[in-house]
Amino acid sequence: MKRELTFKNEEQELTRVTEFMENICDELQLDMHVAMKLQVAIEEMVTNIIFYAYPEGTRADISLTAESEDKELTLVLSDTGKPFDPTAKEDADIETNPMDREQGGMGILIVKNIMNEVSYQRLGNTNQLTMKKKL
């Protein structure tokens, strides 16, 4: 199974991303608990791209590819925004009081805890975030 969605870097596009992921989860017959976790991971990463990857007013396409093989789901997000490797950021310190904690890092920590593997690479002018989940 391989599916791809291309969407704009606009907040209202999150609805299309959610529907895309719902269809993937239904097609793979994933239980609701796993499907909800996958939705959280994708929403977190897509939101970061929409709000932070591009200068304000810039419209661009983002690609989400979902591929399932051998009981593993691979999700790949690609965008042409500014280079940013979320996996390079040190994990947020969840022991520190949230009011004293440095802003940022919680989203990628959540994604790392949901997915079995998260990796980043910059290919030419494209950010590519790959997330894998054993099913």
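This is a predicted model: local features need pLDDT of at least 70, side-chain atom pairs count only at pLDDT 80 or more; totals for chains, interfaces and linings use all residues.

Trainee: At what angle do the axes of helix 1 and helix 2 cross?

Mentor: An axis is a line fitted to C-alpha atoms, for helices over the stretch in contact, and the angle runs from 0 to 180 degrees between N-to-C directions. Helices (H or I, at least four residues) and strands (E, at least two) are DSSP runs, numbered from the N terminus. Here the axes of helix 1 (residues 14-27) and helix 2 (residues 32-52) cross at roughly 150° and come within 10 Å. Helix 1 is therefore roughly antiparallel to helix 2, a term for angles over 145 degrees.

Trainee: What is the handedness of the crossing of helix 1 and helix 2?

Mentor: A crossing is right-handed if the near helix is turned clockwise from the far one by less than a right angle, and left-handed if anticlockwise. The crossing of helix 1 and helix 2 is right-handed.

Trainee: Which residues make the contact?

Mentor: Contact means heavy atoms within 4.5 Å. Helix 1 contributes Leu-14, Val-17, Thr-18, Met-21, Glu-22 and Cys-25, while helix 2 contributes Ala-35, Leu-38, Gln-39, Ile-42, Glu-43, Val-46, Thr-47 and Ile-50. By class, nine of these contact residues are nonpolar, three polar and two charged. Ala, Val, Leu, Ile, Met, Phe, Trp, Tyr, Cys and Pro count as nonpolar, Asp, Glu, Lys and Arg as charged, and the others, Gly among them, as polar.

Trainee: In what order do the elements of the protein run?

Mentor: The order from the N terminus is β-α-α-β-β-α-β-β, with three helices and five strands. Of the contacts with a separation of 6 or more, 62% join residues 24 or more positions apart.

Trainee: Where is Asp-70 found, and is Asp-70 buried or exposed?

Mentor: Buried means under 20% relative accessible area and exposed over 50%, with partly exposed in between (1.4 Å probe, protein chains only). Asp-70 is in the loop between strand 2 (61-69) and strand 3 (72-79), and counts as exposed because its relative accessibility is 70%. Although not a glycine, Asp-70 has a positive phi of about 50°. Lys-71 is also placed in the loop between strand 2 and strand 3, with phi near 60°. At 67% relative accessibility, Lys-71 counts as exposed.

Technical notes
Residues are numbered from 1 along each chain as its sequence is written. Side-chain values use heavy atoms; hydrogens and water are left out. Angles under 35 degrees count as roughly parallel, over 145 as roughly antiparallel, 65 to 115 as roughly perpendicular and the rest as oblique.
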